[in-house]
Amino acid sequence: MKKLIPFSAFAFIVLTCVFSAQCTKSASDALNMCLYTLLPSLFPFFVFSRIFILSGGADLLAKKLAFVTKPLFNMSGGCIVPIILGILCGYPVGAKTAAELYGEGVITKDEAQRLCGFCNNSGPLFLIGAVGAGMLMCPSAGILLYAVHILSALSVGIIFRGDKKSIVHGSAPKNTAVNENIFVTAVEESVGTILNVFGYVIFFAVLTSFVKNPFIVGIFEITNALKKISLLDFPLWQKFVFASFFSSWGGLSVHMQTYGILSKHSLSFKKYVYAKLIHSVFAFVYALIAIKIVPLPFKTFSSAFEKTAVSLNIASLVCTVILGIYLFYLNIILLRHKNGKDEKI
């Protein structure tokens, strides 16, 4: 395996020389996306989330919302911060916040590990604006896509609940720095993080510039994959389902960004990837159910996809049964917590 890496790198160098124009265009497009999409949508969240943690805001929020994290995820109140930021912000804010809280001693290692598996999500700006309105040309589909995405993430968190013994209440980091130092530290750390994100985005954009199949591209990088999927001659409902799957998977580009964060705190990358795979499966299932329930222009089946539609009707029935079992499981968890029995089922 180690010998394969240098040969692969050399082959890639040759390809970039042969297809230099194509690689340059891909890198240029990725850089524009970094500057005009990722920078304004991620950098402020990086800065303010770090200020929030350093100033002790995480501890205050943990005390107010601990009643949510305990029954649903069997976690201490400090875990609510990365959960909220993971819902409101884009990759990799959720994982970054969870790792930082673990480093500060606010949450346990087990909690940080489980948090990274379901609080590292696509942001509403990307799913609703870029994917829904921009790519699928249906803003309401973008809103539904975001709802499915978050519901799937929370489902992963509920499934991977720890046992009662895993809950150890940490304390907020003792901060002796003045406010100016908090701000400077937050900005400096956020600059390093956003540059790291840019590097992975540009690299994987060039790497996938040789691939035409959007589903293969989706394994590596989601933005270009979703753009390619939106241009396919597929009905809207199929584009929606595939967009739900790949946006929840995240792509190797996002995973490598997250790996850099996890490795600093000795958190398992394999467990994270496994959780993201489960997240994408949930998103696919929930998307199939959503197209049957929500009155959006999904059911524009062409004759070329009639057999696929029949198969997905059967799949939707199975998924509905699975959802019923899942809701029953959640109901048992809440009842046990109410009765003072918070053990793992």
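This briefing covers helix packing, the nonpolar core and aromatic pairs in one structure. The model is predicted. Helix α14, residues 269-293, packs against helix α6, residues 109-118.

**Helix packing: α6 and α14**

- Two packed helices are described by the angle between their axes and the distance between the axes.
- For α6 and α14, the angle is about 35 degrees and the axes are 8 Å apart.
- The crossing of α6 past α14 is right-handed.
- On the α6 side, Q113, C116 and G117 make the contact.
- On the α14 side, the contact residues are K271, Y272, A275 and K276.
- Sorted by class, this contact has three nonpolar, two polar and two charged residues.

**Nonpolar core**

- The largest nonpolar core has 71 residues.
- L115, V131 and F240 have the most contacts inside this core.

**Aromatic pair Y259 and F269**

- The ring centres of Y259 and F269 are 5.1 Å apart.
- Their planes stand at 75 degrees, so the pair is edge-to-face; the cut-off for that class is over 60 degrees.
- Y259 lies in helix α13, residues 251-264, and F269 lies in helix α14.
- The pair therefore ties together parts that are ten residues apart in sequence.
- Y259 is partly exposed, with a relative accessible area of 40%.
- F269 also counts as partly exposed, at 23% relative accessibility.

**Aromatic pair F282 and Y286**

- The ring centres of F282 and Y286 are 5.6 Å apart.
- F282 and Y286 both sit in helix α14, four residues apart, so about one helical turn separates them.
- F282 counts as buried because its relative accessibility is 14%, and the cut-off for buried is under 20%.
- Y286 counts as buried too, at 6% relative accessibility.

**Aromatic cluster**

- One aromatic cluster is formed by F215, F234, F242, F245, F246 and F284.

Conventions
Residues numbered from 1 in each chain as written. Predicted model: local features only at pLDDT ≥ 70, side-chain atom pairs only at ≥ 80, totals over all residues. Heavy atoms only, no water. Axes fitted to C-alpha atoms, helices over the stretch in contact; angles between N-to-C directions. Helix = DSSP H or I, 4+ residues; strand = E, 2+ residues; numbered from the N terminus. Left-handed = near helix turned anticlockwise from the far one by under 90°. Contact = heavy atoms within 4.5 Å. Nonpolar A, V, L, I, M, F, W, Y, C, P; charged D, E, K, R; others polar. Core = buried A, V, L, I, M, F, W, Y, C linked by side-chain atoms within 4.5 Å. Buried < 20%, exposed > 50% of the residue type's maximum accessible area, 1.4 Å probe, protein only. Phe/Tyr/Trp six-rings, centres within 6.5 Å; stacked < 30°, edge-to-face > 60°.
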